[in-house]
Amino acid sequence: MKKHVVLLLLLLSILTSQAQKKYTISGYISDSETGEKLIGANVYDKSRFIGTTSNTYGFFSITLPADTYSIVFSYLGYGAEIKRLNLNKNLTLSIKLVPGLNLAEVEITAEQTEKIEEMTKMSTIKVPVAQIKSIPAMFGEVDVLKALQLLPGVQSGMEGASGLYIRGGGPDQNLILLDGTPVYNASHLFGFFSVFNADAIKNVELIKGGFPARYGGRLSSVIDISMKEGNTKKIMGEGSVGLIAAKITVEGPIIKDKTSFIIAARRTYLDLLIQPIIKNIVGAGEEMNAGYFFYDLNAKINHKFSDRDHLYLSLYTGNDKFYMKQKPYTYLYDGNLITEEYNAGMGWGNLTSALRWNHQYGAKLFSNLTMTYSKYGFNVDEEESNAINNDIESYSLNYFSGINDIAGKLDFDYLPSPNHYIKFGVSSIYHTFKPGANAIEIQSSGIDTDVVIGAKNVYANEFSAYVEDDYRLTERLKANIGVHASGFMVNDEFYYKVQPRIAARYLFDKNWSIKASYASMQQYVHLLTNSSIGLPTDLWVPSTDKIKPQNSDQVAIGFAKSIKRKYQLSIEGYYKTMDNLIDYVDGATFLNSGTDWQDKVEAGKGRSYGAELFFEKKSGKTSGWIGYTLSWTNRQFPNINFGEIFPYKYDRRHDVSIVVTHKLGKDLDVSATWVYGTGNAVTLPVVRAFGYGDPESWGYFNEVKYFDKKNDYRIAAYHRLDLSINWHLPSKWGKGTINGSIYNFYNRRNPFFYYFGYDNRGNRALKRLSIFPMIPSLSFNFKF
Amino acid sequence: MMKKYIVILPILFSSILLFNNCEKVEDVVDFPVKEPTLVLNCFFSSDSTDWVFQISKSLSVIDNAELKLIPDAKVKLMSNNVVIAQNITADKDGLYRHKGFKASPDSTYSVEVTHPKLKTITASDVAVRRPDFEVTKHIIVDSSTYYYDPNTGRNYGWIDGSMTLKIKDDPNEDNYYRIRVYFYDSIYKSTLYNITSDNPAVENNYYQGLLLSDYLFNGQSFEITFDFEDWEYYINKDYYITVEAVSKAFFYYERSYWLFLDRQGDPFSEPVQIYNNIVNGYGIFANMLGKEIKYPI
C-alpha cells in the first residue's frame, strides 16, 4: 500500500512540476478610444504559431510554457500591438488597440485576423458594421439583414424584403440573436426594413452550417448580433436624417472606465409627410387621420465591478403601427342627431431585454450568466360606434397573437491550453405562445357583450445543454467537436434530441485548407407563414402532439485559401435534409380564423443542396466580395401537390452578388452592389375548364382553374445595381457625411407580385407588379 | 457648419414625392399558353345503368373564349379492358350518354375520348363496394312548419337534427365515404347544406355533405355523429340519409373542387390544386356506390 502511495505522490509531483512550468496570459481586448470590447481579436505567438481569439466579451486566455514571448494582439481595422513578455507567472492584461481612421490606412499583417483557412468553423461569415454602412441601401436606410442577403447561400425573399432564406431554409429557421436574445420578427414595414439600427451594433456574424454546439433551436442559420456597449471614455453621438427616417445614438461613460451607456432611437416620418395626400384622397367634409410609422429603441448599460466581473443590461423595443382614425362625424337625419366614429389599426413589434453577468474564475475559466425576456406581438383592432341621439351602439374587434419568452442561460469558456478551447453551458426557455384570438365587444341597447374567440395560450419549456471543444489535434488538423442536447415539454408531450456537431480543418500548407462539417439540428417552434401575401400575421406556434419538432442534418465540405494576404477565397458544397417542416395545406386562409392552426398545416420534408463561392478582399482602398450560389431546394408533403416533390418557393438555381467599396480620397468613397437571382417558383393556374359538381345540384358547370404542379412557374429573374457615394465633411464638432445613393440604378422592373387581369385591349393577361423603380435618395449622417 | 447641412433637408423631403409613382404594372408577354385539351367529367354510380359524360375543351387561363361543351368527340367505355360501348356521341344537350350497363364492384372501368383535332384522353377507376353501415341514433330537434304554399302544396320550414352512424370499414383497402342528408319528392331533390361534424376523420366540411377517409379508423367499426339543419320546403315529409363509398379519385376531386370554389376571391388563401385523373387532359372519372335509408319526421 505504501508503495502505491509513494508512486501516486511521485506522479502528482511530476504533474505539478509540469504544471508549474506553464502560465496563463489572460485579459480583455478593447478599443483604445471607446473602450468597446473587441470580439474575435487575434492573440498570437509569432514564434510558435499558436494563438487564440477573444470571445464575445473581449476576453482571452492563453496558457504557455514559461519562456519569453512576442505576443501579437490584432484586430481588423486596428493597429496591431506586440507585447514582449517574460512569462514566469500568470499575467492579466488589458489590451487597448488603436483604431485606424479607416480600413485602408491600417497596415494589414498576416496575423491581423485569424485567417480563414486556419479557422475550424466553416460556413461562417463576419461582416464588419463599417462595411454594412458603406453598402448602398434602399432609401439610404442602412440595413444589416439586407447586407447579409448579399452573401452566398443567403437569399432574399420578395423584392425589397429583408427576410433571409439560408441554404433552402425558411425565415423561421434563422436564430437571430440580439445580445443573446432571440428576435422573432426582425422586420419593419412588411419586411422592407430590418429592426436593427446599425448605429447601435458592434458585430454581426452569420453561421450557415457546421454549427458549434453552443447554438441550437433553429435549423438553418445563426445570426449573432452584438450591440455596442457604449463609450467608456467620453460622450459621443451619431445620427442621420434620411428620406424616410431619422435616427440618433448617444453613448458615453456614467463613471469613466467603469459604467457606460448607449441609447439609440429611430423613427420613420412617412406618416407625417403623407397627411396632405390622405386629406386630398378623403376629401372635404370628413376628417381622417391615417398613416404608418415604425420606431426602434436600443439601450444598453454596462458596469465593470472589477477586472473579473462585468454586468450588462440591454434592451430593444420596436413597433410598427398602421392607423386610421375618423373623427366623430355628426349629422341630422330624420330629426335625429347621428354621430359616427370609426378607428382601425394594425401593429406589431418586438421587445427584447437581456441582463448578463460575466465572471472570470481564475485565468482560464470565464462564465456568462444571461437572463432574458422577449416578446413579439401582432394585433389588429377596429372600433365602430354609431350614436342616435344618446343611444349608442358600438362594436370593437381586437385580434392578437404573439409569443413571449423568459429565458436563462449559463455559459462557460474554459481554455486549459492553446490546444483546447472548451465551451459548455445550459439554458432554459419558458415560452408562452398566443396563437391568435379575437376579442369582440358589442354594446347595443344598453347591453354589453364581451367575448374572446380563438386558440388558448400554449405554454412550453425548452431546455438545452452543450459542450464543445475547439481541439488542435496536430499543427495541421484542428476540429471543433461538440454535442448539443435539447428538450421541449408542451401539453404533456416531451421531445428531445441529442445533436452531434463536428467541424474540422486540415491545413495543406500555410495558406489553404480543406474543411468539413456535420451538424444535426432540432427546432421546436414553427412559423405559420402565408405564401400569398407577406404579412406580420405570420404566427409562431409550438411543436404539439400533432406537429412534431423540425429537424435537419447538414454536411458540408469545402476549402479555404488566403491569397497574397489581402484576398480570401472559400468554396463550399452542402447537402441538407429537413424533416417535419410545416406548410399550409391547399386552401388554408388567414380569414378562416375559426379553424385550429393545426388543421391548416401538415408536416413534410425538404432537401437542399448546392455549392457556394465567396471571394473577398477585406482591406486596401478597394474592398468587397463576389458571392455565387448554385443551389437546389425542394419540399414534399403528403397532401400538397398530391404527395409529389415540388420546388421550394425560393429555390434559386443561381444567385450572384458583387459588392465593391472604393476609397477615392480622404473624404470620398463610393460603393456599388449588383445582385442577380433566378426567379422564384410560384403557383399559377395554366388552364380554365369546366368543373363537375353534383348533377343534381349546383356546381355542375362551374369554371375552375387547374395548375399541373405546385410552384411550377418561374417568375422573371431578379437583378439590380445599386450605387452610393459618401462625402465625409470633418468639422470642429465632429464629422458629417452626406450619403447619396441610387437604388436600382438601371431601373429594372423586378417582379413583386403576379396576378391575372386584362390588358389594354380587354384580353386576359398575366400581370406583373413591380414596386421599386430607380430610387435616388440622400441622407445626412453626423457624428460628434 | 450645422446650418449649412440643414439646407439639405428640403431636398431630402422633396424626394418623398417618388413614393407616389413607385409601383408599375406590366403584362407578362411570355407567359406560356397551354394548348387546349379534352376535359372529361363523369361520376358513375354502380347503382345506375346511366352513364353521363360531360366533355369539353380546356382553354389557356389567358384565353378570352368561353368554355363550351364539345359535340364532335367520341367516347369508348370499357370494363376490365373489354369494350362495353364505343362511338358514343353527344345528345342534343351536349352530354354523352350510355344506358343499360351497371358497374360491378372491384371491376376496373376505363374511358377513352377521341376528337378529330384534340389529343385522345383516357381515364380509369375501380368500382367500389357498397358501404356497410347502420344508424345507431337520430334525433330531430325541430321540424317546424312556418309556411304552406298552396300553389305547390308544400310545407316550408326549419329542420334541425343529429344522427349517429356506425360504419363497418373494410381493413383490406383504403376506403372513402360521403354522407349526405336530403329530402325529395318525385320531381325535386333537396340536399341539406348545413351538415357538420367535429369528428377528426371528416376531411371536408365545405361540401354539401361530409367527406371522410378511413385513415383514422381503418378496418374498425367506426362511429360518427353529425348535425344537420336547413330551411326546407319538404318539411313534414320523409328525409333520407345516404352513405356512399366513393373511390379515391372521387374523394380527392370532390375535396379539392369544393374547396376551390369556396376559396375563390380570397387573397389570403393558399392555392387549391384540383385533382385530375385524366391522362393527357383534365377532369374526373370516378365511381361511387351508396346506401340510402329513409326516416320519417
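Trainee: Which residues is A:Leu148 in contact with, leaving aside its neighbours within four places in sequence?

Mentor: A:Leu148 is in contact with A:Val127, A:Val154, A:Leu164, A:Val204, A:Leu206 and A:Ile223. Contact means heavy atoms within 4.5 Å. This is a predicted model, in which local features need pLDDT of at least 70, side-chain atom pairs count only at pLDDT 80 or more, and totals for chains, interfaces and linings use all residues. Residues are numbered from 1 along each chain as its sequence is written, chains are lettered from A and ligands numbered from 1 in the order in which they are written, and side-chain values use heavy atoms, without hydrogens and water.

Trainee: What makes a set of residues a nonpolar core?

Mentor: The members must be buried Ala, Val, Leu, Ile, Met, Phe, Trp, Tyr or Cys residues joined through side-chain atoms within 4.5 Å. The largest such core has 77 residues, and A:Leu148, A:Leu151 and A:Phe196 have the most contacts inside it. A second, separate core of 27 residues includes B:Val39 and B:Tyr257.

Trainee: Why is A:Ser70 called buried?

Mentor: Buried means under 20% relative accessible area, exposed over 50%, and partly exposed in between (1.4 Å probe, protein chains only). A:Ser70 has 19% relative accessibility and therefore counts as buried. Of the 784 residues of chain A, 56% count as buried.

Trainee: Which side chain makes a polar contact with the side chain of A:Ser70?

Mentor: That of A:Arg84, at 2.9 Å. The limit for a pair of N or O atoms is 3.5 Å; within protein, one must be able to donate a hydrogen and the other to accept it, and residues adjacent in sequence count only if both atoms are side-chain atoms.
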